[in-house]
Amino acid sequence: MGIKLSKVKFAYYVPRSKKQPIYYQLENINLNIKPEGEFIGIVGHTGSGKSTLVQLLNALLLPTDGEVNIFNNIITRKAKIKLKPIRKKVGLVFQFPEYQIFEETVLKDIMFGPKNFGAEDPEKVAREAAETMGISDLLERSPFTLSGGQMRKVAIAGILASKPEVLIFDEPTAGLDPLAKSEFLTFIQKVNAELNKTIIIITHDMDVISEYTKRVLVLKQGKLMYDGSKEDLFKNKEIIEDCDLDYPEIVKIMRELKSRLNIDLDIYKYNIDDAFREIQNTVGVKK
Amino acid sequence: MNGKLVFGQYYNASSWVHRLDPRTKLICLFAMMIGLFVITNTYALLAALGLVLVLIISSRIPINKFFQGIKMMAMLLVFTFFFQVVFNRAGNIVASFTFNMTVLNLGIVIFLLVLFIVMGKFVKKFRIITFLLFFFIAMYVQYSLDTSRLLFSYSLDIYDQGMESAFKILIRIISLISLSSLLTLSTKPSDLNNGLESVAKPLKYLRVNVSILSMMVSIALRFIPTLINEANRILKAQASRGVDFKEGKVREKITQIVSLLIPMFVIAYKRAEELANAMEARGYIPGEERSKINELKYKTSDVLTYITTAVILTLIVVVKIVL
């Protein structure tokens with residue numbers, strides 16, 4: 001179960017004549033994603049194939065070569081299967097999701113997904129989703145009168161309402177202010193921890209990776225360079241340098257402290273509290 | 001995905017056609033189109049087609065680019081040809097076919113029709129060719145088989161002038177499409193727009209604001225690819241909300257189209273507003289005189305082209321009036 005990619009290649013354009021070379025956007029991706037509990041971050045430079053990979057996981061794009069197995073639905077280039085049930089299981093929130101809103105009221109827009117997927121009581125699930133996103137007071141308003149941040153919440157509620165088992169976010173925090181950003185990420189973390197759903201998140205922000213995710217995928221020019229825990233990633237200097245990744249701020253500060261004060265700090269701490277405690281323990285604060 | 005969408009997109013090559021002033025190309029193209037409609041003689045039309053061919057070859061643009069344009073009009077070409085042949089009843093009868101519709105034939109024709117519809121579900125390519133194939137099989141069956149009870153019979157007469165006028169229309173349309181493709185293939189959209197603006201300048205005496213119009217045209221052209229990209233994005237976003245644009249009932253399809261249209265309107269308005277602000281911030285004032293980076297200048301080749309075109313057009317008109 002879950003999502004499994006084996007030897008997946010993907011090209012946006014396959015030339016008709018076989019003499020012309022195919023430019024693959026993704027090459028030889030092997031990947032296993034569990035249906036519950038995972039919190040995966042995908043990093044890589046612009047054009048490294050992050051968004052393409054994510055669209056393969058939801059059958060919006062079909063692999064040019066190889067095979068994608070989404071909850072036991074095997075998808076290849078030629079396989080003809082119904083894609084709708086797959087999209088119900090894997091919800092994908094695009095970058096700037098506020099543009100997908102179109103109904104007259106917020107409630108109707110949130111109901112749109114569940115209705116399409118044939119939910120029994122779309123209104124009920126929509127109200128629930130609105131409550132989890134904290135927008136219950138907006139339900140009767142026209143979505144086009146809302147602020148950007150509120151619209152994004154509405155759009156995400158629209159995906160949540162379909163109750164997918166895996167939730168994918170393509171740069172969900174782009175254009176949000178710091179407070180809204182941390183609020184949003186904490187919320188996703190809650191969904192991951194309490195509802196035990198697998199979350200996949202594309203981001204450029206290494207702080208997001210270090211603070212929230214558990215597993216990291218690093219893409220470079222369409223190739224999967226790293227797949228493993230974030231702890232191992234930050235200790236793996238070659239990958240970080242090879243893929244031009246940055247260290248999270250906390251690790252940078254801890255490293256600077258360690259070298260300037262010449263003390264024995266464990267620099268690999270992933271949130272402020274842990275880092276603070278580590279400093280306290282090493283330096284020994286007198287109260 | 002976007003590459004195959006627009007036919008007649010600018011093709012970069014180095015030829016005298018590419019180097020011509022866009023105004024020259026526009027005006028001469030217009031003159032040639034008039035010429036094509038004035039000519040009635042079949043041989044003269046063939047000569048005109050030959051001239052178009054010479055232009056195409058000298059433009060150094062691969063000829064299959066032109067076929068793409070003609071292919072888009074293939075359906076129209078086939079139908080005009082067919083209607084001219086069947087319904088034009090002038091001149092002498094060249095050939096006459098009598099078709100007998102019998103009980104047996106009717107069955108075969110219906111069977112062929114069903115077969116074609118069923119096939120259409122599986123074979124997506126070559127639809128026109130399969131249609132024509134089935135059509136001719138059906139006609140042939142009616143022509144040659146008349147063993148069982150006759151229901152009715154009808155005849156198809158082909159007249160020589162019908163054939164000729166069908167042939168002429170074919171040549172005319174092909175020449176027209178090739179000429180206009182030549183214009184768009186050899187001229188960058190921005191140059192074309194500049195040329196149009198300059199050619200349309202006299203319209204300002206009719207109180208038409210040409211510079212604003214041409215700005216509108218160029219912005220519209222510029223935003224086609226952007227909006228296509230946006231539309232694809234919205235399509236995908238709605239697809240992950242369970243919209244299935246390929247399948248589904250008609251009633252569902254309407255809401256699905258609405259779910260694409262409204263976001264597209266919102267995006268288009270937003271883009272328009274942003275663009276308007278950006279233009280104003282950079283000092284664009286509607287209707288004000290603007291300077292240009294690329295001033296259009298006539299060269300010797302332009303003058304020669306004008307002269308040649310004028311000579312050809314006058315010849316055509318004079319011959320037409322005299323004969």
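Which residue in β4(A) is the bridge partner of A:Ile3? I opened my notes with that one, and the partner I found is A:Ile70. A reminder to myself before going on: this is a predicted model.

**Entry 1: the sheet in chain A**

Strand β1 of chain A covers residues 3-10 and is joined to β4(A) by 5 bridges, with the two strands running antiparallel.

Next I went from β4(A) to β5(A). These two pair over 3 bridges, in the antiparallel sense. One of the partners I noted here is A:Ile74 in β5(A), which bridges to A:Asn69.

Then I put the strands in order. The sheet is open and has 4 strands, arranged β2-β1-β4-β5 in chain A, with antiparallel pairing. At its edges I have β2 (26-33) and β5 (73-75), each pairing on one side only. On average, neighbouring strands are turned by 15° against each other, direction ignored.

I kept a general point in mind here: most residues other than glycine have a negative phi. That made the exceptions worth a look.

Where is A:Ala59 found? I located A:Ala59 in the loop between α1 (50-56) and β4 (65-70) of chain A. Its phi is positive, about 60°, although the residue is not a glycine. Is A:Ala59 buried or exposed? I count A:Ala59 as buried, because it has 24 C-beta neighbours inside 10 Å and the cut-off for buried is 20 or more.

A:Phe96 is another non-glycine with a positive phi, about 50°. I found A:Phe96 in the loop between β6 (90-93) and α3 (106-116) of chain A. With 18 C-beta neighbours inside 10 Å, A:Phe96 counts as partly exposed.

I also went back to the hairpin of β4(A) and β5(A), which has 2 residues between the strands. There A:Phe71 takes a positive phi near 50°.

**Entry 2: two helices in chain B**

At what angle do the axes of α2(B) and α12(B) cross? I have helix α2 (residues 22-38) and helix α12 (residues 300-322) of chain B coming within 10 Å and crossing at roughly 15°. I call α2(B) roughly parallel to α12(B), because angles under 35 degrees count that way. The crossing is left-handed.

I then listed the residues that meet. On the α2(B) side they include B:Cys28, B:Ala31, B:Met32 and B:Ile34, and on the α12(B) side they include B:Tyr306, B:Ile312, B:Leu313 and B:Ile316. B:Asp302 and B:Lys320 of α12(B) are also among them. By class, the residues of this contact divide into 10 nonpolar, 4 polar and 2 charged.

**Entry 3: where chain B touches chain A**

How many residues of chain B are in contact with chain A? I have 16 residues of chain B touching 19 residues of chain A. Two helices of chain B, α10 (210-239) and α11 (250-281), each supply at least two residues of the chain B side. The largest share comes from α10(B), with 6 residues. Sorted by class, the chain B side has 8 nonpolar, 4 polar and 4 charged residues.

How values were computed: Residues numbered from 1 in each chain as written. Chains lettered and ligands numbered in written order. Predicted model: local features only at pLDDT ≥ 70, side-chain atom pairs only at ≥ 80, totals over all residues. Axes fitted to C-alpha atoms, helices over the stretch in contact; angles between N-to-C directions. Parallel < 35°, antiparallel > 145°, perpendicular 65-115°, else oblique. Left-handed = near helix turned anticlockwise from the far one by under 90°. Contact = placed C-beta atoms within 7 Å. Nonpolar A, V, L, I, M, F, W, Y, C, P; charged D, E, K, R; others polar. Buried ≥ 20, exposed ≤ 12 C-beta atoms within 10 Å, placed from the backbone. Pairing = 2+ DSSP bridges.
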